Amino acid sequence: MKEIELKMQGKIKRLTNKTFKFDERVKDGWFSAVYFLKTRDIVREFRPNNIVTMQFFQKKHAVLCGTDEVIALVKTFADNPDELEIYSLKDGDKISPFETVLTITGPYQNFGFLEGIIDGILARRTSVATNVYNVVKAAGLSGKQKPVIFMGDRDDHFTQQAGDGYAAYIGGSTAQATHAMNEWWGKQGMGTMPHALIQLFDGDVVEAAKAYYKKFPEDELIVLVDYNNDCITDALRVAREFGDKLKGVRVDTSRTMIDQYFIRNPDVLGTFDPRGVNAPLIFALREALDQEGFEHVKIVVSGGFNEQRIKEFEEQKVPVDIYGVGSSLLKIHIGFTGDNVLLNGKPQAKAGRRYRPNPRLERVD
């Protein structure tokens, strides 16, 4: 049983290193800024008996993520971790600018070298969780919540997938592209076909879909229909072939292309940008499917979608059923700062920083 299941059942409060599987070189300071390591050595020799409180915050309205990972990091690599006093918010908490999200109290030399790593974990996880939260929120503006598929596998190094997938889950995405993205929170990746499959069937979308359905008959059949840059024609071909077996079509038209629908219907042009996946194309696709009795076929869109584009689609009530979103969800725009703010229980911090108690913090066992 995965730890996330135990956590959801209330049997454990936090995920641990059984989930995160840290690189053991953290203990040796391999990933710590050298000045933290030098400071640790100086403090051990000249100031070994002091107790500091280190406080972490950021400067935006956000969805916090990474606290379980940070606490597991400290518990795994700090010296005498059980002697440290840790207070923290939880993954998924909404946080405000300058709100204290975590404090660690103890001898600096026991944990201070982890400061930069802690900042980095919180920054990446919170950025992804917040990005996903905002996109999911945008995807419900029309009054009906549309699912968001997290498709960030090609937009960053593959070693980041498990953590990004967990952060996306915290942000509200429950469908993700790879198994690794689901590793920490317990499901499997989902997806149907790429353009490569259609290419291998000489661009014949129907034949590619037949092969897919024969090989994976238990899957919900969702067919990619922009390969030939003629979404409506290919969507209807597939719908006529599969009928009720077809669950959806996905449109992923490049932002540099104009679908053949507009070439055939130039009279609709002139008031919008016809490139890529755009609202008039999706309205026309929905109408064409409905006219032939394929109201059950869902429309999935992908390709350059972000919070703003989804807002625009939802405000226009574009008949999208599912959004696939990738690179925009991985933008790191939230930075965390760790400051020593108390020395032996008394205020001592650099100018402009001070101890900010937060009654929402919970003591970590």
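# Report on a predicted protein model

Asn344 lies in the loop between strand 12 (337-343) and strand 13 (346-347); strands are DSSP runs of E of at least two residues, helices are runs of H or I of at least four residues, and both are numbered from the N terminus. Asn344 has a positive phi of about 55 degrees although it is not a glycine. With a relative accessible area of 42%, Asn344 is partly exposed (buried means under 20%, exposed over 50% and partly exposed in between, for a 1.4 Å probe and protein chains only).

The model is predicted, so that local features require pLDDT of at least 70 and side-chain atom pairs count only at pLDDT 80 or more, while totals for chains, interfaces and linings use all residues. Residues are numbered from 1 along each chain as its sequence is written, and side-chain values use heavy atoms, with hydrogens and water left out.

## Overall architecture

The protein contains 13 helices and 14 strands. Its C-alpha trace spans about 80 × 45 × 35 Å along the principal axes. Of the 365 residues in the protein, 49% are buried.

## A further positive phi value

Phe98 belongs to the loop between strand 4 (94-95) and strand 5 (102-106). Its phi is near 70 degrees, a positive value in a residue other than glycine. Phe98 counts as partly exposed because its relative accessibility is 40%.

## Helix packing

Two packed helices are described by the angle between their axes and the distance between the axes. Here the axes are lines fitted to C-alpha atoms, for helices over the stretch in contact, and angles run from 0 to 180 degrees between N-to-C directions.

| Helix pair | Angle between axes | Distance between axes |
|---|---|---|
| Helix 6 (residues 115-138) and helix 7 | roughly 45 degrees | within 7 Å |
| Helix 9 (residues 205-215) and helix 10 (residues 231-242) | about 45 degrees | 9 Å |
| Helix 10 and helix 12 (residues 279-291) | about 30 degrees | 10 Å |

Helix 10 is therefore roughly parallel to helix 12 (angles under 35 degrees count as roughly parallel, over 145 as roughly antiparallel, 65 to 115 as roughly perpendicular and the rest as oblique). Helix 9 and helix 10, by contrast, are oblique to each other, and helix 6 and helix 7 are likewise oblique.

The crossing of helix 6 and helix 7 is right-handed; a crossing is right-handed if the near helix is turned clockwise from the far one by less than a right angle, and left-handed if anticlockwise. Helix 9 and helix 10 also cross in a right-handed sense, and helix 10 passes helix 12 in a right-handed crossing.

## Aromatic contacts

The count of aromatic pairs comes to 15, where rings of Phe, Tyr and Trp (its six-membered ring) pair if their centres lie within 6.5 Å, and planes under 30 degrees apart count as stacked, over 60 as edge-to-face and the rest as tilted. One of these pairs joins Tyr166 and Tyr169 in a tilted arrangement, 6.4 Å centre to centre with 40 degrees between the planes. Tyr166 and Tyr169 are separated by about one helical turn, because they stand three residues apart in helix 7 (residues 161-171). Tyr166 is buried at a relative accessible area of 2%, whereas Tyr169, at 21%, counts as partly exposed. Both tyrosines belong to one aromatic cluster, formed by Phe20, Phe22, Phe77, Tyr166, Tyr169, Trp184 and Trp185.

## Charges over aromatic rings

The charged end of Arg40 sits over the ring of Phe113, 4.7 Å from its centre; for such a contact, NZ of Lys or CZ of Arg must be within 6 Å of the ring centre and within 35 degrees of the ring normal. Another arginine, Arg309, lies over the face of Phe305 at 3.9 Å from the ring centre.

The C-alpha atom of Phe305 is separated by 18 Å from that of His195, a residue 110 positions away along the chain. His195 is found in helix 8 (residues 195-199) and, with a relative accessibility of 28%, counts as partly exposed.

## Cysteines

A disulfide is a covalent bond between the sulfur atoms of two cysteines. Taking a disulfide as a pair of cysteine sulfur atoms within 2.5 Å, the count for this model comes to zero. Cys65 is buried, with a relative accessible area of 0%, and Cys231 also counts as buried, at 0% relative accessibility.
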